[in-house]
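I opened this entry to keep track of what I looked up. The notes follow the order in which I went through the model.

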There are 2 protein chains.
Amino acid sequence: MGTVMLGTEVAKAMKERLIQRAEAMKEKGVMPKLAILRVGARPDDLSYERGAKKRMELTGMASQVVELPEDVSQKKLEETLEALNRDTSVHGILVFRPLPGHLDEEPLKQMIDPVKDVDCMSPVNMAKVFAGDDSGYAPCTAEAVMEMLDHYGIDPEGKKVTVVGRSMVVGKPLAMLLLKRHATVTTCHTRTADLAGTCRQAQILVAAAGKAKMVTADMTGEGAVVLDVGINVDEEGNLCGDVDFEAVEPKASFISPVPRGVGSVTTSVLAGHVLRAAESISGVK
Amino acid sequence: MGTVMLGTEVAKAMKERLIQRAEAMKEKGVMPKLAILRVGARPDDLSYERGAKKRMELTGMASQVVELPEDVSQKKLEETLEALNRDTSVHGILVFRPLPGHLDEEPLKQMIDPVKDVDCMSPVNMAKVFAGDDSGYAPCTAEAVMEMLDHYGIDPEGKKVTVVGRSMVVGKPLAMLLLKRHATVTTCHTRTADLAGTCRQAQILVAAAGKAKMVTADMTGEGAVVLDVGINVDEEGNLCGDVDFEAVEPKASFISPVPRGVGSVTTSVLAGHVLRAAESISGVK
């Protein structure tokens, strides 16, 4: 029977530390603030936005939502981002993606101030994650996985880790974060020939493929640590991860559920990034 | 007995294609040119410089060496790079690294024009390699490994590939190039617990650890493709790779030697990048 790794517990522990750091900033006259730039009103974005705003509030920090209509022009969008770059009361900027089809994300990536880019949209931060330079910001979800491991005392050093998925939001940056912590990292994906075998060898298995319940018991090694980054809806309309939790849990030493798993830590990482941005921009710590 | 993968053969085949493309550019009035920026006179740099100049000449393109004294100031170095950025007759810039200890590489990385950055010094190109966007330039040695595979008809798709080494010059960018070609990539390093076992499972094994003859026969799977990126000097003062060639060759299906292996392809990749830069800068193709 695996220990269930609760993201909600990790977030609770992080909250205490974030409150203290935010308090120290406020005592020095700086109110850390996140600006969310949202185009349109996709339900996923609105749901994440509620979580992010609540997390900022719970940790004593500020947030602001800038909403643009779904048919906004590229020019107006770029001007809005530029204004947030310049706004000295804003320390972190989160731009919801993907953008509607008529808009081009590329110029925004180049434009966002890397110091305020708290979810790794800028190539400057991407290059830092790639290089193992932790002065930048990793994508929040990838870093949330590392927070889960740290909270439960699991050191990836020297371990065989398999990451299923190679997205720029989770799979690839997570592989880099794990490599920096000296794990031996294998990246799998849809074209991997022997996916089951490769997963079975992992001491730490991370599912970030975006496919409901794809990781089954026969893909899991005895005693593996299993982290589930997926957020899907199953046939019955219930939220589920990339891991078949009921089947895998008896074999795992540790396993994260969905919901209340990795996803519950993401906004805490985001809040931490805003705090770090505020410290760096204001020169106060 | 493994087929020996000769980098010299790969370079010969690439040369014909490069000559034709350079010819087409010259007919349109553009002479592709590489500028090499060298500080001091390290023997390694001088040796690579000779090879790069010869390769440019053999493919009908131009090169220019800008040499600065070993005690050059940061300011003078930055001004020199800035001048090469602005020089419209220069299409590619190679800065030899590491720089002498009193100089800071960081501002140069930020400063080099990404379009002229033919050996992936700029974070813009690093981020592109990370993202699998091939509009940038990968580090030449990492790409040389891909050229070797392609020339010998070895498709990495779906294959288990182990890369030993996690440098920003070879290991990490190569892992990204292989992922883009749909290999299942494992990155190993000095802290990997079971290095021999992990290497033995690989269908394609790339040694880029910088440690003489570290890959032995018991680390090689039967029929593996073995690529050696190392350039070391053995006890007797002879050039050798990271692979114990004599011991490994009987087990390998393909194996690259040192010298005359991957290292012989690097300057051809560099010349190809200069050509691509010239095409892109001049708008001629």
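Before going on, I wrote down the cut-offs for exposure: a residue is buried under 20% relative accessible area, exposed over 50%, and partly exposed in between. I also noted that this is a predicted model.

**Surface patch.** I looked up L239(A) and found a relative accessible area of 45%, so L239(A) is partly exposed. I placed L239(A) in strand β10 of chain A, which covers residues 239–240. I then noted that L239(A) belongs to a nonpolar surface patch together with I231(A) and V233(A). The accessible area of this patch comes to about 300 Å².

I traced Y48(A) to helix α2 (residues 43–58) of chain A, and F96(A) to the loop between β4 (92–95) and α4 (106–111). The two residues are 48 residues apart, and the pair links distant parts of the chain.

Y48(A) has 25%, so I put Y48(A) down as partly exposed.

**Domains.** I checked the domain assignment of chain A, which gives domain 1 as 29–114 and domain 2 as 140–262. I noted 29 Å between the C-alpha centres of domain 1 and domain 2 of chain A.

Conventions. Residues are numbered from 1 along each chain as its sequence is written. Chains are lettered from A and ligands numbered from 1 in the order in which they are written. This is a predicted model: local features need pLDDT of at least 70, side-chain atom pairs count only at pLDDT 80 or more; totals for chains, interfaces and linings use all residues. Side-chain values use heavy atoms; hydrogens and water are left out. Helices (H or I, at least four residues) and strands (E, at least two) are DSSP runs, numbered from the N terminus. Buried means under 20% relative accessible area, exposed over 50%, partly exposed in between (1.4 Å probe, protein chains only). Patches are made of residues with over 30% relative accessible area and no salt bridge: like charges are joined within 9 Å, nonpolar side chains (Val, Leu, Ile, Met, Phe, Trp, Tyr) within 5 Å. Accessible areas come from the Shrake-Rupley method with a 1.4 Å probe; for residues, only the protein chains shown count as cover. A salt bridge is a side-chain nitrogen of Lys or Arg within 4 Å of a carboxyl oxygen of Asp or Glu. Domain bounds come from an automatic or database domain assignment.
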